[in-house]
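Good morning, and thank you for making time for this presentation. I would ask you to keep the sequence and the model in view while I speak.

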Amino acid sequence: MITIQGLSKSYAGRSVLKGVDLSVRAGEFLVVLGPSGAGKSTLLRCVNGLAQPDSGRILIDGVEYRSSGAGRREQRRPVAMIFQHHNLVRRLTVLKNVLVGRMAGLSSLLALLQLFPSRDVQTALACLERVELSHKAMARADQLSGGEQQRVGIARALAQDPAVILADEPVASLDPKTSRVVLGYLKRICKETNIAVICNLHQVDYAVEFGERIVGLQGGAVIFDGVPAELTSDVVHRIYPGLEDPGIGRILAPSATPEPLAAPHAAIAAA
Amino acid sequence: MSIAGFELVVRPPRGRFGWWGIGGATLIAAAALWWTAVGAQINGQNLLNGVPYMADFLSRMVPPNWAFAEKLVKPAVESLQVAVWGTIFGVILALPVCVFAARNLSPHPAVYHFTRQVLNVMRGINEIILALIFVAAIGLGPFAGVLALAIHGAGMLGKFFAEAIEDIDDGPLEAFQSAGVGRFKTILFGVLPQVMPAWLGTIFYRLETNVRQSTILGMVGAGGIGFELVSSMKLFQYQDTAMCILVILAMVLITDLVSSRVRAYIR
């Protein structure tokens, strides 16, 4: 469970986040929609400490979480991140990339000798198994396809054993088929391991298909918070002002939406 | 402007002075070049007068004294040994410094500027000058040459290593930061794999340069084949000198060949 309270951030006098309040339950798959510049990325980066918020608090399971600070001990973090460009180290093996999630707090000297605790290696391999890439453990990361690389990114986040996974447009550079596979893995992990997921997307159709709850961000503020069935064409046009897409009505079923869990499994089976 | 079916395609000059500015700058540049040529006493007549003497010098060199080659094996090998260890010590010196000399990893801009200046100074002093200093300090012999190459090489390697670090993709580093991984392990697994090809290329390029440099270090008593080269000239044994030059050429050519093959393989 993660609670974001009054999160504000401005860059060079321009207010990017204007007091965002948001709460995500363990095992809940939340999708954040919003146009470029709405503050989606900044929101995630402020939560995991890649950017410093001007004000606001983040509570994880009721405990205030500070992602940085002077004299902070090196420690594995309860918030993991999945990046748009997967951010793997291309020349390292897949396994070592996943081990990055376990690396905080491990001995630097042993790491220099390429020695890792067996328990952490087992965890990393188990995480690779979850995204069905165990057989690629010893391949170099740059030998994998884009979708496989992002699945390694998911495994790395999972290896951190986090309470929350933040995904910043994880499928923005993947083709539609691969995108659905990757989102399918992410959603299944969210459900099976009871991790809260906040996933930025800019495809309304994926948001409706995979999101259990959708938040619309516009101009740094939350302007919509509801289940996919409540995301009407009218709401979409408020999230994306000036959107001219007559086809959007086809994605947004006027009443019922497809059963959210059925779709990802179907996507995996199809791949 | 069009001349006989051709168009002059030039972007009109920007800035306040237009074509007059360009003309003025050209005149100033020409004057500066003239001044430097005068200072350097560039003189075609002198060159022409020197031709017979050069021809004489060359004629005294042929044929090279092939028998002398036998005596050159040991100093030539020594030059190579000096180059190898000069490179290794240079790398060892450069490694801890380069992290601080890379803008994206340096803990503070002041540290960055300070280490960059230190590297500039190391690189700024010529190997021969350094060799003279080390010969005075630790005595004649190849080890002085090793140290001279190490210091100068570390300056160059440190700068190139740091620039390779500045060129890496910062994305993976954000992933390490997200996972809470500390600085040392981030450099070890996030930075090193990314810079390794560039670094290896630089190291082999430095080895090439060091082989070239090590062949002349002997001139100041810092070991290697350079000593034979200078002494043969001082004794007017120009056929021996020719043999020295041939051996040095062969050494340099072979290292360049091997090094460029290795560098092509890494890429």
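Predicted model: local features only at pLDDT ≥ 70, side-chain atom pairs only at ≥ 80, totals over all residues.

**A walk through chains B and A**

Let me begin with the spacing of two domains: the centres of domain 1 of chain B and domain 2 of chain B, taken over C-alpha atoms, are 38 Å apart. Domain 1 covers 13–42 and domain 2 covers 66–266, according to the domain assignment of chain B.

For the complex, the predictor reports an ipTM of 0.87 and a pTM of 0.82. The average pLDDT of chain B is 92, and 99% of its residues score at least 70. Where in chain B is confidence lowest, and where is it highest? The lowest mean, 79, belongs to strand 1 of chain B, and the highest, 95, to helix 6, residues 142–166.

I turn now to the backbone. In general, most residues other than glycine have a negative phi, and most peptide bonds are trans.

The peptide bond from Val62(B) to Pro63(B) is cis, and its omega is near -10 degrees. Pro63(B) sits in the loop that lies between helix 2 (44–61) and helix 3 (69–98) of chain B.

Next comes Ala4(B), which is not a glycine and yet has a positive phi of about 45 degrees. Its loop lies between strand 1 (2–3) and strand 2 (6–7) of chain B. Is Ala4(B) buried or exposed? Ala4(B) counts as exposed, because it has 4 C-beta neighbours inside 10 Å, and the cut-off for exposed is 12 or fewer.

In chain A, Asn87(A) also is not a glycine and has a positive phi, of about 50 degrees. Asn87(A) is found in the loop between strand 6 (79–82) and helix 2 (94–99) of chain A. Asn87(A) has 25 other C-beta atoms within 10 Å and is therefore buried, the cut-off being 20 or more.

Finally, let us consider strand pairing in chain A. Strand 1 (residues 2–11) and strand 2 (residues 14–24) of chain A run antiparallel and are joined by seven bridges. Their hairpin has two residues between the strands, and in it Ala12(A) takes a positive phi near 45 degrees. Strand 1 of chain A also pairs with strand 4 (residues 55–60) of chain A, in the antiparallel sense, over five bridges.

Which residues stand opposite Ile2(A)? In strand 2 of chain A the residue is Val24(A), and in strand 4 of chain A it is Ile60(A).

Notes: Residues numbered from 1 in each chain as written. Chains lettered and ligands numbered in written order. Domains from an automatic or database assignment. Helix = DSSP H or I, 4+ residues; strand = E, 2+ residues; numbered from the N terminus. pLDDT = per-residue confidence, 0-100. Pairing = 2+ DSSP bridges.
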